[in-house]
Amino acid sequence: MLRRSLLLLSALSLSISISHAEETRTRIALAGDSTVTDKAGWGAAFAKLLGPNAECLNFAAGGQSSKSFRDTGNWHKVIDSKPAYILIQFGHNDMPGKGPKRETDPATTFPQNLTRFIEEARAIGAKPILVTSLTRRVFDKDKIRGELKPWADAATKVATEQQVPLVDLFTRSVNLHNKLGIAESDTFNPSVVRPPTDAKTTDRTHLNAHGAQVIAAIIAEELHKVAPDLAKLLK
C-alpha cells in the first residue's frame, strides 16, 4: 500500500514538473504565408534550432497576405496564444495578381497592416520582429529577379519607424542565391528538376528540407544581431 502511494506521488510530481516546464517555456509565434509554414517553408527547421526553454507556435498558412491573415482570423489566433515574441513575414501574396482579398500596396496598405500587427503585439506584451520576404529563386540571366523588393523595402521602413527588430531575409536570400547560381539554387526546390524545365512546373518559391535548414540558419544568425534576447533561446 505504501509502495503504491509512493508511486502515485512520484507520478503526480513528475506530471506537475512537466506541466510547469511547459508553462515556463518562452513562446515564439510565427505569422506569415506558405514560405513560413512547416511543410513548405522555414518554420519547422527554425523550431528545431530552439533550445528546451522555448517553443515555436507556427500560425503561418498558405496563400496568406498581410490583409487576409487578419481577415481569416489567423492573426487573432496568434494574439490569443499570448506569445513572448512574434516573427512576422508577408509579401508573397500581397503582390498584384493575387486578388482584392489579398493584394496590398507597398506604399500604403502593406505598411499599415504591418504597423497594426506591431501595435497589437505590443498591446499584449509580445515583442514583434519583422522578417522581410524570402526571395523567389527566379533569375533574369544570372541574377535574382527580386520582384518582392518593394514589399521588403516597406517592411524595412516600418521596422525603422516603429523601432522593432528586422530580419532582412529578402536581402540575405537574394545575396545567397546570386552567389549560388541557378543550378545550386534549384536544390532548394521542393521537387528538384534537372535540367530545370518550364518555370510554371518548377517550384522556386517554397522550400524542401535542405532549403528550409539553410534559410532557418540565416534567420537564427540575424536574430543574434537584432534580437539577442530571443537569440539566447536558440541552441
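Let me begin with a question of location: in which loop is the place of Lys82? Lys82 sits in the loop between α4 (74-80) and β3 (85-89), where helices (H or I, at least four residues) and strands (E, at least two) are DSSP runs numbered from the N terminus.

Before going further, a word on provenance: this is a predicted model, in which local features need pLDDT of at least 70 and side-chain atom pairs count only at pLDDT 80 or more, while totals for chains, interfaces and linings use all residues. Residues are numbered from 1 along each chain as its sequence is written, and side-chain values use heavy atoms, with hydrogens and water left out.

As an overview, the protein chain has 9 helices and 7 strands. Of its 235 residues, 46% are buried, and here buried means under 20% relative accessible area, exposed means over 50%, and partly exposed is in between, with a 1.4 Å probe and protein chains only. Taking contacts in the chain with a separation of 6 or more, 72% are between residues 24 or more positions apart, a contact being heavy atoms within 4.5 Å.

Now back to the backbone at Lys82. Most residues other than glycine have a negative phi. Lys82, however, has a positive phi, near 50°, and this residue is exposed, with a relative accessible area of 64%. Lys141 also has a positive phi, of about 60°, although it is not a glycine; Lys141 belongs to the loop between β5 (139-140) and β6 (143-144), and with a relative accessible area of 78% it is exposed.

Next, the helix packing. Two packed helices are described by the angle between their axes and the distance between the axes. The axes are lines fitted to C-alpha atoms, for helices over the stretch in contact, and the angles run from 0 to 180 degrees between N-to-C directions.

Helix α5 (residues 109-123) packs on helix α6 (residues 149-162) at an angle of about 40°, their axes being 9 Å apart. The two are therefore oblique to each other, since angles under 35 degrees count as roughly parallel, over 145 as roughly antiparallel, 65 to 115 as roughly perpendicular and the rest as oblique. The crossing of α5 and α6 is right-handed, which is to say that the near helix is turned clockwise from the far one by less than a right angle. On the α5 side the contact is made by Phe110, Pro111, Leu114, Thr115, Ile118 and Arg122, and on the α6 side by Trp151, Ala154, Ala155, Val158 and Gln162. By class, those residues divide into 8 nonpolar, 2 polar and 1 charged, where Ala, Val, Leu, Ile, Met, Phe, Trp, Tyr, Cys and Pro count as nonpolar, Asp, Glu, Lys and Arg as charged, and the others, Gly among them, as polar.

For helix α7 (residues 169-185) and helix α8 (residues 209-226), the axes come within 11 Å and cross at roughly 130°, so α7 is oblique to α8. This crossing, too, is right-handed. Leu169, Arg172 and Leu176 of α7 meet Val214, Ile215, Ile218, Ile219, Glu221, Glu222 and Lys225 of α8, a contact with 6 nonpolar, no polar and 4 charged residues.

What lies in the loop between α7 and α8? Asn189 has its place there, and Asn189 is buried, with a relative accessible area of 1%. The side chain of Asn189 makes a polar contact with the side chain of Asp186 at 3.0 Å; a polar contact is a pair of N or O atoms within 3.5 Å, of which, within protein, one must be able to donate a hydrogen and the other to accept it, with residues adjacent in sequence counting only if both atoms are side-chain atoms. Not counting residues up to four places away in sequence, Asn189 touches Arg137, Thr202, Asp203, Arg204, His206 and Asn208.

Thr35, in the loop between β1 (26-32) and α2 (43-47), likewise counts as buried, at 1% relative accessibility. Its side chain makes a polar contact with the side chain of Asp33 at 2.6 Å, and beyond four places in sequence the residues that Thr35 touches include Trp42, His92, Thr205 and His206.

Finally, Leu234 lies in the segment after α9 (228-231) and counts as buried at 11% relative accessibility. Leu234 and Ala220 are 14 residues apart in sequence, and their C-alpha atoms are 7.6 Å apart in space.
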